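Trainee: I have a model open and would like to learn how to read it. Can we go through it feature by feature?
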Amino acid sequence: MATNNEAVEKKWQDDYVASLDHATEKEATDQPTVVVVRQGIAWGYWVLLFTILAIMTTLAITTQQRVASNTRVLGEMEQKVTELKTTQSDLKQQRDELSQYDRIYKIATEYGLKINEDQVRTIKND
């Protein structure tokens, strides 16, 4: 009888353990499974990094082109200012030569004009 009881007890234990395993499997399948996808997140960071890098490179190139363009325009304007200063200096020199007293006196005598010292005014040129 002891053997029969042992066999029944063994059968009962095996059935109990099997029912526990079945219940555990059922509970495990009822719960949602959480899967963390780390590759997708890493890929997203690479895309974000590449996008930021592309934007910064574009901005740097655009800024460099603007600086080069503005430098060229500035050089052209400086050249024009230099030319205008040279022209202004030449015109002042020409004005000074044409307004010399000897030249004016010579032209006046050629046309028969006489200088009346009482009517001559001296004006300072700055």
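Mentor: Start with a contact. The side chains of Asp-96 and Arg-95 meet in a salt bridge, at 3.2 Å from N to O. Keep in mind that this is a predicted model.

Trainee: How exposed are Asp-96 and Arg-95?

Mentor: Asp-96 has 39% relative accessibility, so it counts as partly exposed. Arg-95 is also at 39% and counts as partly exposed. The class covers what lies between under 20%, which is buried, and over 50%, which is exposed.

Trainee: How many salt bridges does a search of the whole structure find?

Mentor: Two. Besides the Asp-96 and Arg-95 contact, there is a bridge between the side chains of Arg-72 and Glu-76. Its N to O distance is 3.3 Å.

Trainee: How far apart in helix H2 are Arg-72 and Glu-76?

Mentor: Look at the spacing along the helix. Arg-72 and Glu-76 are four residues apart in H2, so about one helical turn separates them. Arg-72 is partly exposed, with a relative accessible area of 49%. Glu-76 is partly exposed too, at 38%.

Trainee: Now the rings. How many aromatic pairs does a search of the whole structure find?

Mentor: One. Tyr-101 and Tyr-105 form it. Their centres are 6.2 Å apart, with 20° between the planes. Planes under 30 degrees apart count as stacked, so this pair is stacked.

Trainee: Where do Tyr-101 and Tyr-105 sit?

Mentor: Both are in helix H3, residues 101–110. They are four residues apart, so about one helical turn lies between them. Tyr-105 has a relative accessible area of 42%, so it is partly exposed.

Trainee: What about the surface? Which residues make the nonpolar patch?

Mentor: Tyr-45, Leu-48, Ile-52 and Met-56 make it. The patch covers about 450 Å².

Trainee: Step back to the whole chain. How many helices and strands does it have?

Mentor: Three helices and zero strands. Read from the N terminus, the order is α-α-α.

Trainee: What share of the chain is buried?

Mentor: Buried residues are 1% of the 126 in the chain. The accessible surface comes to about 12,700 Å². Carbon and sulfur atoms account for 59% of that surface.

Trainee: Last point, confidence. Where is it lowest and where is it highest?

Mentor: Read the chain value, then go helix by helix. The mean pLDDT of the chain is 81. Of its residues, 75% reach 70 or more. Confidence is lowest in helix H1, residues 2–30, with a mean of 65. It is highest in H2, at 92.

Methods: Residues numbered from 1 in each chain as written. Predicted model: local features only at pLDDT ≥ 70, side-chain atom pairs only at ≥ 80, totals over all residues. Heavy atoms only, no water. Helix = DSSP H or I, 4+ residues; strand = E, 2+ residues; numbered from the N terminus. Buried < 20%, exposed > 50% of the residue type's maximum accessible area, 1.4 Å probe, protein only. Areas by Shrake-Rupley, 256 points an atom, 1.4 Å probe, with all protein chains shown as cover. Patch = residues over 30% accessible without salt bridge, like charges linked within 9 Å, V, L, I, M, F, W, Y side chains within 5 Å. Salt bridge = Lys/Arg side-chain N within 4 Å of Asp/Glu carboxyl O. Phe/Tyr/Trp six-rings, centres within 6.5 Å; stacked < 30°, edge-to-face > 60°. pLDDT = per-residue confidence, 0-100.
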